[in-house]
Amino acid sequence: MKKIFVLLTAFTMAACSTVIGQRTDATAIASGASRTDVRAALGSPTASYKNGGDDVWDYDYTRASFNFWYAVPFVGMFTNPYHYTRETSQFTFDDNGVKSVKTFKKSGSIDSDNSLK
């Protein structure tokens, strides 16, 4: 019976997670790689825009999960219902290919009114 409870809890926790985008390994892209190489390795960017004369491509990955403690009586009053992790890999291209790669990471809570903290 205990094993069933543990399995049921594990499946429930796994079901309460949402992933948006595909995690990218920015370190796998060499400096000077062409736009075609990057697109072949990572797919289409989430966003693309110009910054000065350079092209910038962003690849976003977000994972949101339910905070188990929010469902516990009384304890839940002091927690937020969701936790998120967001990672953005940003590729800047000049005429010679990849000029720079930056990775930004942010995590926090999502309150019950859907505001990020």
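**Entry 1: Asp94**

I looked up Asp94 and found that it counts as partly exposed, at 22% relative accessibility. The scale calls a residue buried under 20% relative accessible area, exposed over 50%, and partly exposed in between, with a 1.4 Å probe and protein chains only. The model is predicted, so I noted its limits: local features need pLDDT of at least 70, side-chain atom pairs count only at pLDDT 80 or more, and totals for chains, interfaces and linings use all residues. Residues are numbered from 1 along each chain as its sequence is written, and side-chain values use heavy atoms, with hydrogens and water left out.

Asp94 lies in strand S4. Helices (H or I, at least four residues) and strands (E, at least two) are DSSP runs, numbered from the N terminus.

What does Asp94 touch, not counting residues up to four places away in sequence? I found Arg35, Asp54 and Lys99. Contact here means heavy atoms within 4.5 Å. I also checked Gly53: its C-alpha is 7.4 Å from that of Asp94, and the two residues are 41 apart in sequence. A polar atom of the Asp94 side chain lies 2.9 Å from the backbone nitrogen of Asn96.

**Entry 2: Asp54**

Next I turned to Asp54, which is found in strand S3. Is Asp54 buried or exposed? Asp54 is buried, with a relative accessible area of 15%.

Its side chain makes a polar contact of 2.6 Å with the side chain of Lys99. A polar contact is a pair of N or O atoms within 3.5 Å; within protein, one must be able to donate a hydrogen and the other to accept it, and residues adjacent in sequence count only if both atoms are side-chain atoms. Leaving aside neighbours within four places in sequence, I listed the contacts of Asp54 as Tyr49, Thr92, Phe93, Asp94 and Lys99.

I followed the chain back to S2. S2 and S3 form a hairpin with 2 residues between them. Gly52, in the turn, has a positive phi of about 70°. The two strands pair in the antiparallel sense over 5 bridges. Strands pair if DSSP finds at least two bridges between them. Asn51 stands opposite Asp54 in S3.

How many of the 5 residues of S2 are buried? The number is 0, so S2 (residues 47–51) lies largely in the open.

S3 is also joined to S4, by 12 bridges, and these strands run antiparallel. There I found Asp60 opposite Thr88 in S4.

**Entry 3: rings**

I searched the whole structure for aromatic pairs and got 2. Rings of Phe, Tyr and Trp (its six-membered ring) pair if their centres lie within 6.5 Å; planes under 30 degrees apart count as stacked, over 60 as edge-to-face and the rest as tilted. Tyr59 lies in S3 (residues 54–66) and Phe91 in S4 (residues 82–94), so the pair ties together parts 32 residues apart in sequence.

Tyr59 counts as buried at 4% relative accessibility. Phe91 is buried too, at 0%.

**Entry 4: the core**

Which residues make up the largest nonpolar core? I counted 10 residues in all: Ala26, Ile29, Ala33, Val38, Leu42, Trp57, Tyr59, Phe91, Phe93 and Val98. Helix H2 (35–42), S3 and S4 each supply at least two residues of this core. A nonpolar core is a set of buried Ala, Val, Leu, Ile, Met, Phe, Trp, Tyr and Cys residues joined through side-chain atoms within 4.5 Å.

Not counting residues up to four places away in sequence, its contacts include Arg35, Val38, Pro45, Phe91 and Phe93.

**Entry 5: the whole protein**

I ended with the overview. The protein has 2 helices and 5 strands, in the pattern α-β-α-β-β-β-β along the sequence. Of its 117 residues, 26% count as buried.

The mean pLDDT (the predictor's confidence in each residue, from 0 to 100) is 76, and 66% of the residues reach 70 or more. Confidence is lowest in helix H1 (residues 2–15), at a mean of 53, and highest in S2, at 93.
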